[in-house]
Amino acid sequence: MIRQECLELLAGKMTDQLVVTSQSGQRIEWSHLSQHEGNLLLGMMGCAVGVGMGLALALPHRKVIVLDSDGSVLLSLFNLATLGNLRPKNLIIYVFDNGVYSGSRISYPTATAGNTDLEAMARGAGIKKALTIRDIETFKNEALRALEQNELAFFVCKVEESLLHREIPRPNTDLAENKYTFVRYLERTEGKPIPFIGRG
Amino acid sequence: MKDELAKRLVQGLKNSGINFVTYLPETRLSQIIPLIQDDPEMELIAAASEQEAVTIAAGGTLGGKQAAVYMENTGIYVSSYSLLTVGKQLGVPILLVVGYLGGVPDQRNSFLYATIGSHTIPVLQGLGIEYMILEDGDKLEDKIKDAVRAANALRGPFALLFAGEFSL
C-alpha cells in the first residue's frame with residue numbers, strides 16, 4: 001500500500017470536512033489531490049494533531065481529519081494521552097507510517113521501523129478505536145467507513161516509502177494565505193465571524 | 001494568590017472574550033483552574049505538555065474561539081517550538097497566562113527557580129513574543145483586555161507574566 005492511493009480514496013469522500021496536514025510528503029500529495037478551502041496545510045512537524053484537536057473541540061459538529069506521519073506523531077507523543085482522555089468524537093487521525101524520515105533524504109528509520117507500535121501506544125493511552133491498516137481493502141473498509149461514524153479514530157496506515165511527493169508540484173500557497181482562506185471558509189460555512197480577524 | 005485576585009483574573013479573561021483555555025497546572029496561579037472549570041461559558045482543556053497546549057489553543061483560535069494557554073514559565077521553554085511555528089509563523093493569536101516562577105518579583109523565588117526565571121524574558125524576546133509583567137491587581141482587567149487586543153492585532157502569542165501578589 002502506498003500513501004497516494006489512500007489519499008486518492010480519501011479525497012473522493014471529501015465534502016465539508018476540515019483537513020489538517022503536517023509537514024511531510026502527505027502535505028504535498030494532499031494539496032495536489034485537493035484544493036478545498038477547508039484544507040489547512042501546516043508547515044511543521046508535530047503540530048497537526050494538536051491543531052486538529054483544537055479545531056475538533058471548537059467545532060464539535062464538524063468532522064476534522066488529520067493527515068500525519070510516523071515521524072510527526074513520534075515528535076508529539078503526548079498527544080496520544082490527551083486524545084485518549086478527551087476522545088473528541090468528530091476527529092479522525094490517519095498516520096501514514098512508512099517507517100522512515102523521508103525528509104532526511106537517506107530514508108533514516110523511525111522507531112516504528114524497530115520495536116515501536118503506534119496502535120498499541122494509542123490504545124494504551126486510552127484511544128479505543130486505534131487500528132493498524134496494512135492493505136488497501138482494509139483501508140476502504142475501516143478507515144473510510146470511519147468518516148460516517150461519530151467516534152475518535154486513530155489509524156496507523158502502514159505504507160511503503162514512496163518518493164512520489166518529490167515528483168509532483170509542491171503547494172505554492174503561503175502559510176498565512178492558506179490560514180486566511182481556511183478561516184474565511186469557516187466564517188462562511190459556520191455563519192459567524194472569527195474573532196481575531198477583526199476590523200482594519 | 002488571594003481568592004479575590006484569582007476571581008478577578010478569571011473574570012478579566014472572560015471580559016476579554018477568552019472562552020477556550022488549555023493548560024498544564026503549576027503552583028502560582030492554580031486557583032484559576034476550578035474557577036474556569038465551573039464556568040459554563042469557558043472551555044478548559046487539560047494538555048499533557050505545554051507544546052501541545054499551544055497547538056490545541058491554535059486550533060481553537062482558528063475554529064473561532066478566543067484562546068488562552070495557562071502555564072508556568074518553564075512551559076515557555078517546552079513550547080517554544082509550537083509558539084514559533086503555529087504561533088508566530090502561521091500567525092495565530094494566543095494569550096499566554098504565565099506563572100512567572102523565579103523572576104525577580106516572584107515572592108516565592110529560591111535557588112530552585114531563579115535560573116529558570118532569569119531566562120524567561122530573553123527567550124520571549126528571542127521568539128519575538130511581546131509580554132507584560134503583572135505584579136498586583138491594579139487595572140488587572142484593563143491589562144488583560146490590552147493583552148488580548150494586542151495578540152489579535154499582532155496575529156500571534158502575547159504573554160502575561162504573573163508575579164508579585166499573584167505569586168503569594
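This is a predicted model: local features need pLDDT of at least 70, side-chain atom pairs count only at pLDDT 80 or more; totals for chains, interfaces and linings use all residues.
Let's start with chain A. It has eight helices and eight strands. How compact is chain A? Its radius of gyration is 16 Å, close to the 16 Å that the globule rule gives for 200 residues, so chain A is as compact as a globular protein of that length. Along the principal axes, the C-alpha trace spans about 50 × 40 × 30 Å. Of the 200 residues, 46% count as buried. Now look at contacts in chain A with a separation of 6 or more. Residues 24 or more positions apart account for 70% of them.

Next, one residue in that chain. Find A:Ser31. It sits in helix α2, residues 25–33 of chain A. Is A:Ser31 buried or exposed? It counts as buried, because it has 21 C-beta neighbours inside 10 Å, and the cut-off for buried is 20 or more. What does A:Ser31 touch, leaving aside neighbours within four places in sequence? The answer is A:Asn39, A:Leu41 and A:Pro171. Take A:Pro171. In sequence, A:Ser31 and A:Pro171 are 140 residues apart. In space, their C-alpha atoms are 6.1 Å apart.

Now a pair of helices. Two packed helices are described by the angle between their axes and the distance between the axes. Our pair is α1, residues 3–11, and α7, residues 136–144, both of chain A. The angle is about 35°, and the axes are 11 Å apart. The crossing of α1(A) and α7(A) is right-handed. Which residues meet there? From α1(A) come A:Glu5, A:Cys6, A:Leu9 and A:Leu10. From α7(A) come A:Ile136, A:Phe139, A:Lys140 and A:Leu144. This contact divides into six nonpolar residues, no polar ones and two charged.

On to the place where the two chains touch. Here 29 residues of chain A are in contact with 30 residues of chain B. Which elements of chain A give two or more residues to that side? They are α3 (48–58), α5 (78–86) and α8 (175–190) of chain A. The largest share comes from α3(A), with eight residues. By type, the chain A side divides into 18 nonpolar, eight polar and three charged residues.

Now cross over to chain B. Look for the open sheet. Six strands form it, in the order β2-β1-β3-β4-β6-β5, and the pairing is parallel. Which strands are at the edges? They are β2 (43–46) and β5 (130–134) of chain B, and each pairs on one side only. From one strand to the next, the twist averages 20°.

Zoom in on one strand pair. β3, residues 67–72, and β4, residues 94–99, of chain B pair in the parallel sense over five bridges.

Last stop: B:Thr74. You will find B:Thr74 in helix α4, residues 74–78 of chain B. Why does B:Thr74 count as buried? Because it has 20 C-beta neighbours inside 10 Å, and 20 or more is what buried requires. Compare its position with B:Asn15. B:Thr74 and B:Asn15 are 59 residues apart along the chain, and their C-alpha atoms are separated by 27 Å.

Conventions
Residues are numbered from 1 along each chain as its sequence is written. Chains are lettered from A and ligands numbered from 1 in the order in which they are written. Helices (H or I, at least four residues) and strands (E, at least two) are DSSP runs, numbered from the N terminus. A residue is buried if 20 or more other C-beta atoms lie within 10 Å of its own, exposed if 12 or fewer, and partly exposed in between; C-beta atoms are placed from the backbone. Two residues are in contact if their C-beta atoms, placed from the backbone, lie within 7 Å. Axes are lines fitted to C-alpha atoms, for helices over the stretch in contact, and angles run from 0 to 180 degrees between N-to-C directions. A crossing is left-handed if the near helix is turned anticlockwise from the far one by less than a right angle, and right-handed if clockwise. Ala, Val, Leu, Ile, Met, Phe, Trp, Tyr, Cys and Pro count as nonpolar, Asp, Glu, Lys and Arg as charged, and the others, Gly among them, as polar. The radius of gyration is taken over C-alpha atoms; the globule rule is 2.2 Å times the number of residues to the power 0.38. Two strands pair if DSSP finds at least two bridges between them.
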